[in-house]
Amino acid sequence: MLKIHNASKSFGSTRVLDDVNINVAKSEILGLAGPSGSGKSTLLRCIQKLEHLDSGSVECNEKTGFMFQDFQLFPHMTVLANLLYAPNLGKKNTNCCKNNEKRAKAMLKNLGIASKIHEYPGSLSGGQKQRVALARSLMMNPGVLLCDEPTSGLDVATTMDVVSLLKSIGETGVTMVIASHDLDFLTKISDRIILLREGKIVADMKAKNHKNPVDYLKKYYA
Ligand SMILES: Nc1ncnc2c1ncn2[C@@H]1O[C@H](COP(=O)(O)OP(=O)(O)OP(=O)(O)O)[C@@H](O)[C@H]1O
Ligand SMILES: [Mg+2]
């Protein structure tokens with residue numbers, strides 16, 4: 001479904017991805033862990049083709065969606081307009097636009113933020129922005145959802161909400177790759193966790209096979 005083959009990438013003289021090989025199965029939720037600067041965001045950006053690899057390849061036979069670390073919502077657009085911007089781009093067919101609006105409203109309702117539909121991002125809390133960003137990525141019906149730090153800046157309760165939201169999206173068959181510093185969150189959400197260090201894979205594990213997966217992963221941060 002998603003194959004990353006011998007992926008390497010440098011910025012100047014720094015090798016940020018160093019011969020990374022990963023196969024992600026359909027519907028798998030893959031967590032990406034690793035210290036700051038280890039290459040997690042760069043790997044996600046290369047999968048989404050926001051950056052280009054120096055060598056190696058990324059093959060994906062499904063549409064990918066990207067949820068950014070800092071949400072990157074359009075501040076001058078309402079929540080609804082944020083959701084409709086990409087799917088309506090270049091569409092002259094009003095039926096199609098009407099259908100997108102219906103889907104956007106249903107999506108916001110599902111995510112518990114229907115009441116914010118006509119608000120601007122500036123008036124939303126971090127958790128609400130996170131939900132809008134998630135809804136906006138899902139509007140493109142991605143087969144693979146790439147999430148960069150989906151819980152950064154969120155409190156414990158909101159993080160738990162994001163866990164259940166992402167789990168319910170996972171249950172619909174969407175494959176996910178999620179980069180996060182929060183090992184507790186990653187072990188809760190992921191089927192499998194890959195840990196990067198200086199652009200190399202140093203661990204590839206299943207949380208359920210470890211008695212204390214967080215402690216196991218923490219060893220690699222030392
Ligand atoms: N556009 C860029 N130009 C130059 N260097 C970059 C660029 N993007 C990333 N880097 C460098 O690449 C390395 C990996 O960055 P990356 O953002 O992928 O790390 P990360 O694992 O996501 O870190 P964090 O956990 O802090 O988000 C860092 O040393 C960073 O400074
Ligand atoms: Mg990052």
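## Around ligand 1

Let's start at the ligand: the side chain of Thr42 has an N or O atom 2.5 Å from an oxygen atom of ligand 1. The backbone also takes part, with an N or O atom of Gly39 at 3.0 Å from a ligand oxygen and one of Ser38 at 3.2 Å. Each of these counts as a polar contact, a pair of N or O atoms within 3.5 Å.

The residues around ligand 1, meaning those with a heavy atom within 4 Å of it, include Phe11, Val16, Lys40 and His181.

## About the model

This is a predicted model, in which local features need pLDDT of at least 70 and side-chain atom pairs need 80 or more, while totals for chains, interfaces and linings use all residues. Residues are numbered from 1 along each chain, chains are lettered from A and ligands numbered from 1 in the order written, and side-chain values use heavy atoms, without hydrogens and water.

## Two domains

The domain assignment, which is automatic or from a database, gives domain 1 (1–63 + 142–222) and domain 2 (73–141). Their C-alpha centres lie 25 Å apart.

## Where the domains meet

Here, 14 residues of domain 1 are in contact with 10 residues of domain 2, contact being heavy atoms within 4.5 Å. About 920 Å² is buried between the two domains, with 72% of that from carbon and sulfur atoms; buried area is the accessible area (1.4 Å probe) lost on putting two parts together, summed over both.

Which side chains meet in a salt bridge? They are Arg131 and Asp161, at 3.0 Å from N to O; the rule asks for a side-chain nitrogen of Lys or Arg within 4 Å of a carboxyl oxygen of Asp or Glu.

Technical notes. Polar contact = N/O pair within 3.5 Å; in protein donor to acceptor, adjacent residues only side chain to side chain.
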